[in-house]
Amino acid sequence: MKKQFNWLAHLFILVFCCIWYTFFPFSTHWLIGSILLVSLLVMQWLLAKKTAFSLKQLEDKLAQHENSFKKLGYELNVASSQVSSVSENLYVTLEENNAFTQQLFAQTEEMTHLNTSV
C-alpha cells in the first residue's frame, strides 16, 4: 500500500511540474513554482524517509520473530527427545514388570502344586 502511495506521489509531482511549467514557462511565477517544487520534493523525501524507517522496523520485528521460532523449534526438539526417553523408560519398566509378574505367577503355581501334594 505504501509503495503504491509512493509511486502516486512521484506521479503527482511529475504531472504537477509538467502542468506548471506548461502554463508558466519561466515567467514571473518561476520563484513560486520553484518554491512549490522544492517543498514537494522535501515532502517526498520525508515520506521516503518515514517509509524506510517503518520498513526497517518491520525487518527488525521479522528477524526477532525468526529467532523466536528457531528457539521454539530447538525447545520442541528437546521436549520431544525427553518424551521419547520417558516413553522408552516406561516400556522397559513395563517389560520388567511383566517378567516379574510371570515369575511370581510361576512360583505361586509351584507353591500351590506343592501344597496340594502334601
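Biologist: Let's start with Leu40: which residues does Leu40 touch, leaving out those up to four places away in sequence?

Modeller: Leu40 touches Phe12, Ile13 and Phe16. Please keep in mind that this is a predicted model.

Biologist: What makes these count as contacts?

Modeller: A contact needs heavy atoms within 4.5 Å, and Phe12, Ile13 and Phe16 are listed as touching Leu40 on that basis.

Biologist: Why is Leu40 called buried?

Modeller: Buried means under 20% relative accessible area. Leu40 has 14%, so Leu40 is buried. Its place is in helix 2.

Biologist: How many helices and strands does the chain have?

Modeller: Two helices and zero strands. Helix 1 covers residues 2–23, and helix 2 covers residues 30–117.

Biologist: How much of the chain is buried?

Modeller: Of the 118 residues, 8% are buried. The accessible surface comes to about 10,700 Å², and 69% of that belongs to carbon and sulfur atoms.

Biologist: Now to Thr51 and Ser54, which both lie in helix 2. Why is each of them called buried?

Modeller: The cut-off is again under 20%. Thr51 has a relative accessible area of 17%, so Thr51 is buried. Ser54 has 16%, so Ser54 is buried too.

Biologist: What does the side chain of Thr51 reach?

Modeller: A polar atom of that side chain lies 2.8 Å from the backbone oxygen of Leu47.

Biologist: How many salt bridges does the structure hold, and what makes Lys56 and Asp60 a salt bridge?

Modeller: There is one salt bridge. The closest N and O atoms of Lys56 and Asp60 are 3.5 Å apart. The cut-off is 4 Å, so the pair qualifies. Both residues lie in helix 2, four residues apart, which is about one turn of the helix.

Biologist: Are Lys56 and Asp60 buried, partly exposed or exposed, and why?

Modeller: Partly exposed lies between the 20% limit for buried and the 50% limit for exposed. Lys56 has 46% and Asp60 has 42%, so both are partly exposed.

Biologist: Which residues make the nonpolar surface patch?

Modeller: Leu8, Leu11, Leu14, Val15, Ile19 and Phe23 make a patch of about 620 Å².

Note on methods:
Residues numbered from 1 in each chain as written. Predicted model: local features only at pLDDT ≥ 70, side-chain atom pairs only at ≥ 80, totals over all residues. Heavy atoms only, no water. Patch = residues over 30% accessible without salt bridge, like charges linked within 9 Å, V, L, I, M, F, W, Y side chains within 5 Å. Areas by Shrake-Rupley, 256 points an atom, 1.4 Å probe, with all protein chains shown as cover. Salt bridge = Lys/Arg side-chain N within 4 Å of Asp/Glu carboxyl O. Buried < 20%, exposed > 50% of the residue type's maximum accessible area, 1.4 Å probe, protein only. Polar contact = N/O pair within 3.5 Å; in protein donor to acceptor, adjacent residues only side chain to side chain.
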